[in-house]
Structures are given as C-alpha cells and as structure tokens.
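I opened my notebook to record what I looked up in this structure.

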Amino acid sequence: ELLFGFAPGEFGGTYQAFETRVHPEDLPGVNAEVARCVAARLIFMREFRVVWLDGSEHWVLGQGEFTFSAENQPVRMRGVIMEITGRKKLEQLLIDKNTALKEMLSQLENEKKSMEGKILANVQNLLLPSLQKLKQKASSPIEKKHIDVIEKNLKELTFSFGSHIVMSFAKLTPREIEICNMVRSGMSSKDISTFLNLSSAT
C-alpha cells in the first residue's frame, strides 16, 4: 500500500485500484504484460512508475504469479513490489552523462578534423610552394638536400599526422631521428656529416 501511495487500509485490493496509481504512460504496457502472462501462465515481472496523490512519481518493480479458478480464470495475483526509484535515477544519470560524453567526443572529433583540414591546407598551399621556391634559389646541393628533407617530412606528417613516423621513431633521440630522415631522403654519409658539421667517422 505504502509503495503505491495508499494509506494503511486504503487500498481496495482490486486491479482497478491498482490501475489508478500506475503512471498513464506505463499503464498500457503493464496491462499488456499482465494479459500475456495470464494467457501463457507465466510469472509477471515488470518495472513501471506509480503516481502518488501528491503528484510525485516513483519507480517500482512488480513480480508475481497468478492463481486460477477451476474454470481457468485468473482469480488473484500474489507477489511482491519493490521500490527502485533510486536505481532508476542512477541509471538515468549514467545515461545523461554518457550522452553528454558522446556529444563532447563528437565535438572534439569535428574540431580535430577542422584543424587537420586547416593544417593540410597551410602545408599544401603555403609551406610546400615556399620550399619549392627556396629549392630553386638554393646555392648548394647540401641546401637542396636539406630542403628535400623538410619537404619530405612535411608530406609524411600531414599523412595521418605522422602517426606511423611517431611509432617508428618513438625510441630514437631527436638527433637520431634527424639523421634517419636525412638517410631516407637520399643524403650520403658525407652530405650528412657536412650538414651536421661531423667527421665521416662519427
């Protein structure tokens, strides 16, 4: 009685009295499940809301089984009602937070794509053309090689933003990464040592 908002002794024990306290949005589903369980002789179990006289809504879990007359007509239902309002509120809170998290991640992904697009545009439209001009004006093969290294790295970094490069070079020092890039661009040991002011034996 108390879980349905009835005062002690107020509940008439009829299905009609029960229906008066079930939330209007949940009542059709409850009635349909009751009818299904009666027809199939199944145990009834369902979560639904009840509305007290003060207008407050409460979640309950109803579970029970039906007894039948000799004519196979349902006579009564025996079972239990449990208050689950706290759990349902927690579930809704988790749903709301999960929805907010998904929206935030979606926004971050959109911002990331926008930033990637701007970076790619700047590299392709500004940096690479400028490097080509510098290469044409380079006064020595070493300068051209250096520009080639920068150009090659820019192109690789803009391809998935260098994820494969970062993984490959994760355990190398900055100087080792610099030398590797020069080797990959086709520079000889002599060119590299000249560029880094090292002796060939180093």
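My entries follow, one topic at a time.

**Entry 1: the chain.** I note that this is a predicted model. I looked up the elements and found seven helices and three strands. From the N terminus, I read the order as α-α-β-β-β-α-α-α-α-α. I also checked burial. Of the 202 residues in the chain, 24% are buried.

**Entry 2: the largest pocket.** I asked for its volume and got about 620 Å³. How many residues line the largest pocket? I found 24. Phe-11, Gly-13, Tyr-15, Phe-18 and Met-77 are the ones that lie nearest its centre.

Next I looked up where the lining comes from. Helices H1 (15–19) and H2 (27–40) each give at least two residues. So do the strands S1 (44–51), S2 (57–68) and S3 (74–83). Which element gives the largest share? It is S3, with eight residues.

I then sorted the lining by residue type. I wrote down 16 nonpolar residues, five polar and three charged.

I located Leu-105 in helix H3, which covers residues 85–137. Is Leu-105 buried, partly exposed or exposed? Its relative accessible area is 48%, so I logged Leu-105 as partly exposed. A patch residue needs over 30%, and Leu-105 has 48%.

How values were computed: Residues are numbered from 1 along each chain as its sequence is written. This is a predicted model: local features need pLDDT of at least 70, side-chain atom pairs count only at pLDDT 80 or more; totals for chains, interfaces and linings use all residues. Side-chain values use heavy atoms; hydrogens and water are left out. On a 1 Å grid over the protein atoms alone, a cavity is a set of points where a 1.4 Å probe fits but cannot get out, and a pocket is an open set with protein on both sides within 12 Å along at least five of seven lines; lining residues have an atom within 4 Å of a point. Grid points are joined across faces, edges and corners, and a volume is the space filled by probe spheres set on the points. Helices (H or I, at least four residues) and strands (E, at least two) are DSSP runs, numbered from the N terminus. Ala, Val, Leu, Ile, Met, Phe, Trp, Tyr, Cys and Pro count as nonpolar, Asp, Glu, Lys and Arg as charged, and the others, Gly among them, as polar. Buried means under 20% relative accessible area, exposed over 50%, partly exposed in between (1.4 Å probe, protein chains only).
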